[in-house]
Amino acid sequence: MSAAEQPAAVLEVREVTKRYGHGRRDTLRALDGVDLTLHRGEILALVGESGSGKSTLAKILAGSTSQTSGQVLCDGVEITARRHSTARRRIQMVFQDPYSSLNPRMTVRSALSEVLRVHRVVPREQIAEELSRLMSLVGLDDSALDAYPSQFSGGQRQRIAIARALAVRPDILIADEPVSALDVSVQATILDLFESLRSELGLSVLFIAHNLAVVQHLADRIAVMYLGRIAEVAQTDTLFASPEHPYTQALIASVPRMRPRDLEQPPALDGEPPSPIHLPTGCRFNPRCAYAQPTCLIDEPALERVAEGHSVACWFAGQLQQAPTKQSEEFA
Amino acid sequence: MSVVALSRTVEPLLSVQHLTIGIPSSGGGHATLVRDVSFEVGPGVRYGLVGESGSGKSMTLKAIAGLLPRGVEVLEGEIHFDGDDVLTMSPHERRRIMGPRMAMIFQEPMTALNPTTRVGKQIAEGPRRHLGLSKADAQELAVDMIRRTGIPDPARRARAYPHELSGGLRQRIMIAMALSCKPALVLCDEPTTALDVTVQDQVLRLLAQLCDDMGSALTFVTHDLAVVSQTCSRLSVMYAGRIMEEGNVREVYEAPQHPYTEALFQSAPDFDDPGRRLAPIPGLPPSLTDPPPGCPFAPRCQYAIESCSTGSKPLVEVRHRHLSACDLADQIFGGTR
């Protein structure tokens, strides 16, 4: 993509940190200086393991918690957790488990029309019409309006949760693991729905996932998080074809493959992420990194641009030979 | 039935025949969770049961382990383990085999481990009881088992309580515990679903390697096709309480013989084939209380013809050691080879 058609940033995260715990005692650094840009009309995937801070970032963006430091800009204007209702409406969230995020005692009609009334999205007399529009947007029949959440399957319930998020006509959707709780045969329908919402409504989507295989089919760009920082950001194709950060390489090599392969070879990555309370000095990935050098134990690498649209937080970006993935091919 | 007639070279370690599991209800209309399921696992074989939620895979495993929830019963069929009928065993006899000969690994180790007991002691319990080891010998074996699961500093870790360990370490402790008496069969119910991918990768490799070292067979329940194809050599694909297809992992992956298996593969993202479009399976699984006649997948199947909705659909051998419950397997998949 050339610089001329640089897409506009709709959401910018600058140097955001989030600490839990106060005073002299150990603080947990859930986010430790995150920079991220969501472009208009794109699907950006945020991938990372548990404890990487991806859900914390989602909460900050949706305004359900506030950052310790740093800025969040929406269309260039700073927004905080205590935001005006118009700003609040622009960014909506879809959660992993639709059953626990829908009121079991409200029919779909009452849950959705409540949102429409409270936010005065449409005049009262148009509510019925608007409800049908929402249902058709998420691929459900109007008859679903009079049912309760428990009467739906997991996939249908996720569609209802999405319809509720769309009710206030947001232009940014933050989806936190929206397909992780669904069966594989249903996952694809929800992924398709996100794709069609993006193309029909021009939504910008931040799609949080732990499964690289899922986002590979959906995302335009992928940001990989590790222990509260972005390790690598790239276009989806680039990230899979030439991952630069050793963690990204290991993450790709760890994805279970359909093709049966040899289990004799060592795993792509040893150990588990260290505690975000006691972060290692230097690069936070160094205790698990196969290439760690003395520099990596002392200084933390910043997220640096290595190519157009491709940034990596590694001292040796561009110099590593992607040995873990190459090696596994030789073994197999 | 054809399943039984299959030629085999070794006596199966585990033999499940015509297993039907349901929730009986006095008013009729009882739910059938597993229907006429038959399969065999040979010694040292890693066998996968794959299916989506509600397919009956976990219930089948629970019936083998004798851990069916209250109210759920085996209505028909037999389960033989090492020649013994598991279903007619007394609780006393069952306790004698659970642990030393058959062991289970659960999805969530935090709920399966005792939070008030040090993990080393928990691992040592089995060997003390079943192998008759002294307290000191059993403790030593526990430390050795922890070492074999690749946990650094095993002696110190043995003194930890479960809450002091991460999810990955806890699952390793569960594996150490399950394998401490060298059981002939290890049952796993989604053992890596709660783990991160890089840790899942480590744990799957460890599990396969330790089972090979100990000569243990594995029966592995999962919803993840990729996980099963990495861990197991043979698998059954379950849908609506029935086995739809059974075969060697490589053959099922390369040439599925049932439309459901094919559809499941097409709906799942495949990391090695990123360009392929994901095709969701339309519709929903059938009701368990009132299943449709004929093939349970027929209402959602793109190949279904009229005869699919009538009669029973037994699992028959369509290729060597490759079974399908689809009448049309030959017509649909016959030409693919």
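Between chain A and chain B the count is 1 salt bridge, a term for a side-chain nitrogen of Lys or Arg within 4 Å of a carboxyl oxygen of Asp or Glu. A:Asp192 and B:Arg277 form a salt bridge, with their closest N and O atoms 3.1 Å apart. The model is predicted: local features need pLDDT of at least 70, side-chain atom pairs count only at pLDDT 80 or more, and totals for chains, interfaces and linings use all residues. Side-chain values use heavy atoms, leaving out hydrogens and water, residues are numbered from 1 along each chain as its sequence is written, and chains are lettered from A and ligands numbered from 1 in the order in which they are written.

**Interface**
- In chain A, 40 residues are in contact (heavy atoms within 4.5 Å) with 45 residues of chain B.
- The two chains bury about 3,900 Å² between them, 56% of it on carbon and sulfur atoms; buried area is the accessible area (1.4 Å probe) that two parts lose on being put together, summed over both.

**Salt bridges within chain A**
- Over all chains, the count comes to 25 salt bridges.
- A:Arg288 pairs with A:Glu49 in a salt bridge, the closest N and O atoms being 3.9 Å apart.
- Because A:Arg288 lies in the loop between helix 9 and helix 10 (294–298) of chain A and A:Glu49 in the loop between strand 3 (43–47) and helix 1 (54–62) of chain A, the pair ties together parts 239 residues apart in sequence; helices (H or I, at least four residues) and strands (E, at least two) are DSSP runs, numbered from the N terminus.
- A:Arg288 is buried, at 9% relative accessible area, and A:Glu49 is buried at 3%; buried means under 20%, exposed over 50%, and partly exposed in between (1.4 Å probe, protein chains only).
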